[in-house]
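Please look through the sequence and the model below before reading on.

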Amino acid sequence: MLLPRAEAWLLGFVSYCMFLSVVALEYHEVVPHYPLEGLFARPLHWNLPFLSVVSLGLLITLVITIYLSCSIVNSLRLREKRLLVTRNMLEKKSGELAEANAKLVERQKQLVQAEKLASMGQLVSGIAHEINNPVQFIQENMQILREAIRDILPVLDEKEEKDRGLKIARLPYPYFREHVPVLLKDMADGAGRIGNIVRDLKTFARRDEGRLDEKVDVNRVVEAATRLVHNKIKRYRVEQSLEEGMPALKGSLIQLEQVVVNTLINAAEAVEDRPDACIRIATRLENAGRQVCLSISDNGPGMTDEVKDRLFDPFFTTKQRIGGTGLGMSITYGIIKEHGGSIEVDTLPGQGTTFQYVLPVARSAA
């Protein structure tokens, strides 16, 4: 039963041949015959009909036994093989289900994060709208104040000639005369800057419909994104080298701003502990004017090969302690690919990191 079918039949054939050889040798008295006393009245080893019946009975018994044994064993082996195949399929399905479950959990986290970002975008848009009204009011009033000061100063100059000890707002008049216009200009510039930031926030928080048909000036994208993250990068030296006369890109202004914002935030977090921290932003034309290259570099600690290989994986982050979600570079990768561009990352441990985004120029602009 433990042998394969062919070997079982061979063993049965050899056994039957050995039996026939013993019968023949006893029949011809080559070997002695030892009869069972009292069982038969006379010896039967010379009785050919009896020997034929016994040999045939043994042959039939061997054939039936071998056939049944092989059939049972083959059936068991077939069932075992089917069970093995079924177990392998179940293990494979189990692995696929575990992988699908992990993906569902990951997608759920992405949806939760996306919902948070959407809610934050609505909140930012509402706040920006509320801030915009008083900022416009301040800008308009600042213009009136500057004009009023220009008209008042000649009168105060005449009065100061008569009264040398004249003070305005507890300040000596010469000091007031020199510094008040500067203060008003600084206030107007500050209000203008607030207005620009509010406008950029409203644009950045605007709902993105996924359209990639806008004509986008990459230099303006860099300037807007830099204003948005000014509070994050203002402590560091930021060097910009933006090539003038850049052709337009075809894509989404909001999405490309998000790419620059994400990269600048990562660069700022990479150089935060360095006394010589520097972030460099550059734009240039490549491939005979058919592509625009945007590069953002930092002189931070760089990345190991392991981190670089997983850089664009969703939820991979080295900044868990400061609340990193690991979605920034994953989103960046998706945006650049949607725009038909490519990303090159040049980094070595201790030698900083450079991100280069290469994007195609809009056909009409090209």
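A residue is called buried when its relative accessible area is under 20%, exposed when it is over 50%, and partly exposed in between, judged with a 1.4 Å probe and protein chains only. By this rule Glu286, at 24% relative accessibility, counts as partly exposed. The model is a predicted one, in which local features need pLDDT of at least 70 and side-chain atom pairs count only at pLDDT 80 or more, while totals for chains, interfaces and linings use all residues. Residues are numbered from 1 along each chain as its sequence is written, and side-chain values use heavy atoms, with hydrogens and water left out.

Consider the chain as a whole. It has 366 residues, of which 30% count as buried. Its secondary structure consists of eight helices and nine strands; helices (H or I, at least four residues) and strands (E, at least two) are DSSP runs, numbered from the N terminus. A contact means heavy atoms within 4.5 Å. Among contacts between residues at least 6 apart in sequence, 71% join residues at least 24 apart. The accessible surface comes to about 24,200 Å², and 58% of this belongs to carbon and sulfur atoms; such areas come from the Shrake-Rupley method with a 1.4 Å probe, and for residues only the protein chains shown count as cover.

One part of this surface is a nonpolar patch. Patches are made of residues with over 30% relative accessible area and no salt bridge, where like charges are joined within 9 Å and nonpolar side chains (Val, Leu, Ile, Met, Phe, Trp, Tyr) within 5 Å. The patch includes Met1, Trp9, Leu56 and Tyr67, and its residues together have about 1,000 Å² of accessible area.

The next topic is charge. Side chains of opposite charge can pair when their charged atoms come close. A salt bridge is a side-chain nitrogen of Lys or Arg within 4 Å of a carboxyl oxygen of Asp or Glu. The whole structure holds eleven salt bridges. In one of them, the side chains of Lys93 and Glu96 meet at 4.0 Å, N to O. Both residues lie in helix H2, three residues apart, which is about one turn of the helix. Lys185 and Asp189 form another salt bridge, with their closest N and O atoms 2.9 Å apart. These two lie in helix H3 (residues 173-205), four residues apart, again about one turn. An α-helix has 3.6 residues a turn, so residues three or four places apart point the same way. Lys185 is partly exposed, with a relative accessible area of 42%, and Asp189 is partly exposed at 42%. Arg284 pairs with Glu286, the closest N and O atoms being 3.2 Å apart. Asp217, Arg220 and Glu223 are linked in a network of salt bridges.

At the start of H4, a side-chain oxygen of Asp217 reaches to within 3.0 Å of the backbone nitrogen of Asn219. Several residues of H4 are buried, among them Val218, Asn219 and Val222.

Is Asn219 buried or exposed? Asn219 counts as buried because its relative accessibility is 3%. Its side chain is joined to that of Thr283 by a polar contact of 2.9 Å. A polar contact is a pair of N or O atoms within 3.5 Å; within protein, one must be able to donate a hydrogen and the other to accept it, and residues adjacent in sequence count only if both atoms are side-chain atoms. Thr283 lies in strand E6, residues 278-286, and is buried at 4% relative accessibility. Leaving aside neighbours within four places in sequence, Asn219 is in contact with Leu242, Glu243, Met246 and Thr283. With residues up to four places away likewise not counted, Thr283 touches residues including Leu242, Glu243, Met246 and Leu294. The C-alpha atoms of Asn219 and Leu294 are separated by 9.1 Å, although these residues are 75 apart along the chain.

Finally, consider the cysteines. A disulfide is a pair of cysteine sulfur atoms within 2.5 Å, and a search of the whole structure finds zero. Cys17 is partly exposed, with a relative accessible area of 32%, whereas Cys70 is buried at 5%.
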